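Good morning, and thank you for making time for this presentation.

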Amino acid sequence: MRYLDEFRDPQLARRLLDHIWARSTRRVCLMEFCGGHTHAIFRHGLRQMLPPTVELRSGPGCPVCVTADRDLDRAIAIARLPNVILTTFGDMLKVPGSSGSLQEARAEGADVRIVYSTLDALQIAREHPDRDVVFLGIGFETTAPTVAAALLQAEAEGIRRFYVLSLHKLTPPAMRAILDSGQVGLGGIIGPGHVTTVVGSAAWEFLPREYHMPCAVAGFEPLDILRAVAALVEMAEEGRAEVVNAYSRSVRPQGNPVALAMMERVFAVDRADWRGLGSVPQSGLTLRPAYARFDAALAFPVETGPSRPHPGCRCGDVVRGVLDPPDCPLFRRVCTPARPVGPCMVSAEGACAAWYTYGQDDEDG
Amino acid sequence: MCLAVPGLIKWVDGMAAQVEIGGVERTISVALTPDVRVGDYVLVHTGFAIGVIDEQEALETLRLLSELLEGSAEECLFSSTGEP
């Protein structure tokens with residue numbers, strides 16, 4: 001078993017689709033929280049195979065997309081400081097801030113380096129003890145424990161000039177903010193499989209309990225996603241709301257306790273700014289006082305002035321699930337992956353990038 | 001960002017491990033999955049194993065899906081009572 005091909009079996013996918021077509025009688029709008037799901041759904045052509053009663057809507061599960069302009073501006077300002085090496089995941093490089101992107105800052109002389117892992121950033125810090133190495137910490141609960149692990153490693157090795165600019169965010173509070181806004185009439189949530197591998201399926205129990213909202217946690221292969229859709233259709237038809245673990249080979253009710261403990265040791269929960277959602281209580285991670293000396297926000301207090309988002313960009317509405325990308329006036333006309341206006345067109349998890357790469361514009365009517 | 005792929009553990013040395021992902025081997029950290037053993041499949045995310053894949057659960061899911069047409073698997077697949 002390689003855990004890939006087996007979950008792409010076309011015959012089993014057909015059975016699940018037949019089941020969904022047979023069971024679905026009422027219109028239901030499902031939100032796939034995770035941008036990885038959005039891309040998998042497009043890549044495998046699942047949207048076109050579902051009955052017209054089942055609508056899929058992208059959610060805020062793209063860390064690059066939900067990073068607020070002001071936070072991006074701070075990161076760019078830190079990258080421009082003398083003696084700083086700013087390390088980041090590749091997706092962040094081309095996202096336009098108020099005045100240019102990290103890529104443009106690099107072209108103008110800033111030392112910005114793409115890393116695959118926080119461990120690569122740590123290695124750069126080992127190799128350059130005379131430089132300030134800042135890791136741009138974006139990502140949800142999947143990524144935050146890896147940053148915590150790198151930071152604890154830096155502490156153990158006595159690496160002095162390694163810093164993290166923590167823009168990490170928590171997913172359940174974002175889901176809550178979307179439901180509280182009441183702007184999207186949702187009938188079910190496709191839960192993020194890798195976030196939930198860390199936080200555990202129990203973290204989503206508030207959805208049925210407080211919102212009577214069905215949730216099915218899904219993996220990223222076609223059978224995983226179709227099984228989750230089938231479970232959500234089933235629940236919608238029966239008026240039932242539960243958390244169904246449709247990714248049981250990876251997700252346990254209590255998640256990964258080691259990863260959660262490491263995250264808890266290094267980070268405290270705090271308010272965070274989200275593109276599209278604004279300031280959301282208890283939705284971000286900041287370094288605890290015991291780790292303050294690693295905190296880039298304290299070590300490099302930069303002034304950025306008010307952020308100036310592109311006036312036409314609708315990424316905020318896209319991450320909230322209020323707008324499908326083709327309904328943005330900039331989509332494909334002005335905003336493209338080569339010349340992105342907003343982050344949703346840049347990121348490999350962005351909804352606009354998925355629609356641009358795989359979508360048929362006329363699909364939306 | 002939350003992309004993670006299955007990798008087969010080839011060897012473990014403290015908090016470092018070698019995994020094979022689609023025929024390519026690389027070194028990762030198992031600091032988040034310290035109980036991992038050679039032969040386990042893990043989910044690899046940005047150079048870390050973030051979880052261990054449960055083979056029995058995977059086989060059970062595939063078995064239930066193949067029985068879907070007979071109707072008996074529905075409760076297990078589509079409700080919260082079907083999974084541990």
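This is a predicted model: local features need pLDDT of at least 70, side-chain atom pairs count only at pLDDT 80 or more; totals for chains, interfaces and linings use all residues.

His212 of chain A counts as exposed, because 10 C-beta neighbours lie inside 10 Å of it. His212(A) is found in the loop that links helix H11 (206-211) to strand E8 (215-218) of chain A. Between the C-alpha atoms of His212(A) and Gly359(A) the separation is 32 Å, and these two residues are 147 residues apart along the chain.

Two further residues of chain A deserve attention for their backbone angles. Tyr3(A) is not a glycine, yet its phi is positive, at about 65°. Tyr3(A) belongs to the segment that precedes helix H1 (10-23) of chain A. Is Tyr3(A) buried, exposed or partly exposed? There are 19 C-beta neighbours inside 10 Å of Tyr3(A), so it counts as partly exposed; the threshold for a buried residue is 20 or more.

Arg332(A) likewise is not a glycine, and its phi is positive at about 70°. The loop between helix H15 (315-319) and helix H16 (343-346) of chain A holds Arg332(A). Arg332(A) has 15 C-beta neighbours inside 10 Å and therefore counts as partly exposed.

Let me turn to chain A as a whole. Its secondary structure comes to 17 helices and 11 strands. The radius of gyration of chain A is 21 Å, close to the 21 Å given by the globule rule for 365 residues, so chain A is as compact as a globular protein of that length. The C-alpha trace of chain A spans about 65 × 45 × 40 Å along its principal axes. Of its 365 residues, 57% count as buried. Among the contacts in chain A with a separation of 6 or more, 78% come from residues 24 or more positions apart.

I now come to the parallel sheet. Which order do its strands take? The order is E4-E3-E5-E6 in chain A, an open sheet of four strands with parallel pairing. Strand E4 (111-114) and strand E6 (162-166) of chain A stand at the edges with a single partner strand each, so one side of each has no neighbour in the sheet. On average, neighbouring strands of this sheet are turned by 25° against each other, direction ignored.

Strand E3 (residues 84-88) of chain A is joined to E4(A) by four bridges, and the two run parallel. Within this pairing, Thr88(A) has Ile114(A) as its bridge partner in E4(A), and Thr87(A) stands opposite Arg113(A) of E4(A).

How many of the five residues of E3(A) are buried? Five of the five are, so E3(A) is largely enclosed by the rest of the structure. Val84(A), Leu86(A) and Thr88(A) point one way from E3(A), Ile85(A) and Thr87(A) point the other way, and all are buried. In general, the side chains of a regular strand alternate between the two faces of the sheet.

Helix H5 (residues 69-79) of chain A lies across E3, E4, strand E5 (132-137) and E6 of chain A, and it runs at about 140° to E3(A). Helix H7 (residues 118-127) of chain A also lies across E3, E4, E5 and E6 of chain A, running at about 170° to E5(A).

An antiparallel pairing occurs elsewhere in chain A. Strand E10 (residues 267-274) and strand E11 (residues 278-287) of chain A run antiparallel and are joined by seven bridges. One of the bridge pairs links Phe267(A) to Leu287(A) in E11(A). E10(A) and E11(A) form a hairpin with three residues between them, and Gly276(A) in the turn has a positive phi of about 90°.

Finally, the interface. Here 34 residues of chain B are in contact with 49 residues of chain A. On the chain B side, strand E4 (41-45), strand E5 (48-52), helix H1 (55-66) and helix H2 (74-78) of chain B each supply at least two residues. H1(B) gives the largest share of that side, seven residues. By type, the chain B side divides into 20 nonpolar, 10 polar and four charged residues.

Technical notes: Residues are numbered from 1 along each chain as its sequence is written. Chains are lettered from A and ligands numbered from 1 in the order in which they are written. Two strands pair if DSSP finds at least two bridges between them. Axes are lines fitted to C-alpha atoms, for helices over the stretch in contact, and angles run from 0 to 180 degrees between N-to-C directions. Two residues are in contact if their C-beta atoms, placed from the backbone, lie within 7 Å. Ala, Val, Leu, Ile, Met, Phe, Trp, Tyr, Cys and Pro count as nonpolar, Asp, Glu, Lys and Arg as charged, and the others, Gly among them, as polar. The radius of gyration is taken over C-alpha atoms; the globule rule is 2.2 Å times the number of residues to the power 0.38. A residue is buried if 20 or more other C-beta atoms lie within 10 Å of its own, exposed if 12 or fewer, and partly exposed in between; C-beta atoms are placed from the backbone.
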